[in-house]
Amino acid sequence: MPEPLKNFYSRDLVATMGDHLKRVYPAFDVAGFIHAATTGLDALELKERAAHIRDALNRFLPSDLENAIEVMLASLHPDDSVELSSVGMDADGIRGWAVMPMSDLVGLRCAEAFDTSLMAQKEMTKRFSSEFGIRHLILQDQDRAMAEITRWADDDNYHVRRLASEGTRPRLPWAMQLPAFIADPGPSLPILEKLKNDPTEYVRRSVANHLNDIAKDNGDTTARVCAKWMENATPHRKKLIRHALRTLIKQGHPLALETLGFSAAEIELSPLHIQTPVVQFGEALEFESVIRSTSDRKQQLAIDFIVHWRKVNGETAPKVFKLKTLTLAPGERISVSKRHPIRPITTRRYYPGLQAVELQVNGKACGRHDFELVMEN
């Protein structure tokens, strides 16, 4: 079983941070910092641990933000433009997960030295990511922050370019939302336009996720952008577009489907066969059906399935899951099946009783069938 992410924030990490800060700022109280940052640390989760270390930094760094930033930047690892997901600190300086508390500290206090805080986020993201910290600055002064962040989309360092997209996502997971961008994603669209052909997959993936964020509140905007980008698109850009449209495809958005080559399906569907009409919680829902083309041409099919989960009030709420994408020849018949585990997850609470499942082909739902979920008391 993989190590929990929260364990990156350990006493060893705190002690190494302290040593690097002491190296560039001799007045830094390493022992005091370690005690403050590690007391109660083990009881906390990932983001709580980062905030706990952030607060300890705030106590022991210089009280003036400009001076505190100078110390933190001097303690950073040299910028060697490496892939940062698995690197840690070494004798050359601070990088990796240890940067997150520093970036958050700068973000929280950005009003004291806004331009310096922007510069600090740009430097820190080269050693981990400032996608959480930068959001404080956007919320503090959107126009001022976005003027600089938009320029970062042209930066030579791909971590900085990614930050221009990732840091401005309206609904970045684990992060504060950006309500103004949820209402109107317009300010970030010039950034995405600049990055749509970025040479680095890491950056393009962020652009796709950003567009998918936008789709959750402004689906037509994402669909129009992707339809425009599909013209003369390279294979890399087509991959970006497919990932960006994943939510809209599940929703059956007409322009999103058209952009990816899906038209109204001409098919016949056999009755959905539920192989497990009664599912014990912890086991799996199993179903199958047969799809036959009634068209005289080849068809691109996006096949999903929808589970209508029972809620506490007895009503149901749909959740769409991707099944497969395929090309169906004229008159061709295919069998589709799925084994979908129903087990504890952190993002859903289950309730016993009748639920339902149905297929969705090119955005159109068909073949609904009930099943019963049984849970132990």
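How do the residues of the lining of the largest pocket divide into nonpolar, polar and charged? They divide into 6 nonpolar, 6 polar and 6 charged residues, where Ala, Val, Leu, Ile, Met, Phe, Trp, Tyr, Cys and Pro count as nonpolar, Asp, Glu, Lys and Arg as charged, and the others, Gly among them, as polar.

## Basis of the model

This is a predicted model, in which local features need pLDDT of at least 70 and side-chain atom pairs count only at pLDDT 80 or more, while totals for chains, interfaces and linings use all residues. Residues are numbered from 1 along each chain as its sequence is written, and side-chain values use heavy atoms, with hydrogens and water left out.

## Pockets

The largest pocket has a volume of about 430 Å³, and of the 18 residues that line it, Arg-246, Thr-247, Ile-249, Lys-250 and Lys-322 are the closest to its centre. A pocket here is an open set of points, on a 1 Å grid over the protein atoms alone, where a 1.4 Å probe fits, with protein on both sides within 12 Å along at least five of seven lines; lining residues have an atom within 4 Å of a point. Grid points are joined across faces, edges and corners, and the volume is the space filled by probe spheres set on them. At least two lining residues are supplied by each of α14 (235-244), α15 (246-251), β5 (299-310) and β6 (316-328), and the largest share, 5 residues, comes from α15. These elements are DSSP runs numbered from the N terminus, with helices being H or I of at least four residues and strands being E of at least two.

The second largest pocket holds about 310 Å³ of space. Its lining consists of 13 residues, with Trp-97, Phe-128, Glu-131, Arg-162 and Tyr-202 nearest the centre, and by class this lining has 8 nonpolar, 2 polar and 3 charged residues.

## Salt bridges

The structure holds 24 salt bridges, each being a side-chain nitrogen of Lys or Arg within 4 Å of a carboxyl oxygen of Asp or Glu. One of them joins Glu-166 to Arg-162, with the closest N and O atoms 3.4 Å apart; because these residues are 4 apart in helix α9, about one helical turn separates them. Both Glu-166 and Arg-162 are buried, buried meaning under 20% relative accessible area, exposed over 50%, and partly exposed in between (1.4 Å probe, protein chains only). Salt bridges that share partners join Glu-131, Arg-162, Glu-166, Arg-169, Asp-213 and Lys-216 into one network.

In helix α8 (residues 142-152), Arg-151 and Glu-148 are 3 residues apart and therefore separated by about one helical turn, and their salt bridge has its closest N and O atoms 2.8 Å apart. Arg-151 counts as exposed at 52% relative accessibility, whereas Glu-148 is partly exposed at 23%. The salt bridge between Arg-95 and Asp-90 has a closest N and O separation of 3.5 Å; Arg-95 counts as buried at 12% relative accessibility, and Asp-90 is partly exposed at 31%.

## Surface and interior

Leu-5, Phe-8 and Trp-174 make a nonpolar surface patch of about 310 Å². Patch members have over 30% relative accessible area and no salt bridge, like charges being joined within 9 Å and nonpolar side chains (Val, Leu, Ile, Met, Phe, Trp, Tyr) within 5 Å; accessible areas come from the Shrake-Rupley method with a 1.4 Å probe, and for residues only the protein chains shown count as cover. Trp-174 lies in the loop between α9 (158-166) and α10 (179-183), and counts as partly exposed at 49% relative accessibility.

Cys-226, found in helix α13 (residues 219-229), is buried, with a relative accessible area of 0%.
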